[in-house]
Amino acid sequence: HAQVKTALGTIVATPVGIAEFFLKTGTGLAGGIAFLLMIYAGFLYLSSEGDQNKLQEASDVLTSAIAGLLMIIFSIFLLDLIGVKLLGL
């Protein structure tokens with residue numbers, strides 16, 4: 001199979017290789033963004049100075065980031081279960 005070298009890594013030039021590359025890159029980026037949102041929520045919490053509105057905003061951001069991260073993990077689990085283990089793709 002032909003391989004294409006890019007700045008983000010080597011892509012195998014088949015439909016499966018391209019899909020695998022984009023899924024790995026996409027989940028990595030989504031996880032990184034969730035991590036950055038958790039850091040941002042911590043910053044909001046530390047800089048709230050006891051203001052209830054800012055504390056609520058920090059709590060909302062943290063809850064959303066954790067929920068997003070759980071959705072990412074669950075989607076990877078489902079793709080592995082359905083696509084790889086059941087269908088053998």
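Here are a few notes on this predicted model.

1. Ground rules. Residue numbers start from 1 along each chain as its sequence is written. The model is predicted, with local features needing pLDDT of at least 70, side-chain atom pairs counting only at pLDDT 80 or more, and totals for chains, interfaces and linings using all residues, while side-chain values rest on heavy atoms, with hydrogens and water left out.

2. Fold. We have two helices and two strands here, arranged β-β-α-α along the sequence (DSSP runs numbered from the N terminus: H or I of at least four residues for helices, E of at least two for strands). The radius of gyration is 18 Å, well over the 12 Å that the globule rule gives for 89 residues, so the protein is more spread out than a compact globule (C-alpha atoms; the rule is 2.2 Å times the number of residues to the power 0.38). Along the principal axes, the C-alpha atoms fill a box of roughly 60 × 35 × 10 Å.

3. Take the contacts between residues at least 6 apart in sequence: 30% of them join residues at least 24 apart (contact means heavy atoms within 4.5 Å).

4. Most residues other than glycine have a negative phi. E49 counts as exposed, at 77% relative accessibility.

Terms used. Buried < 20%, exposed > 50% of the residue type's maximum accessible area, 1.4 Å probe, protein only.
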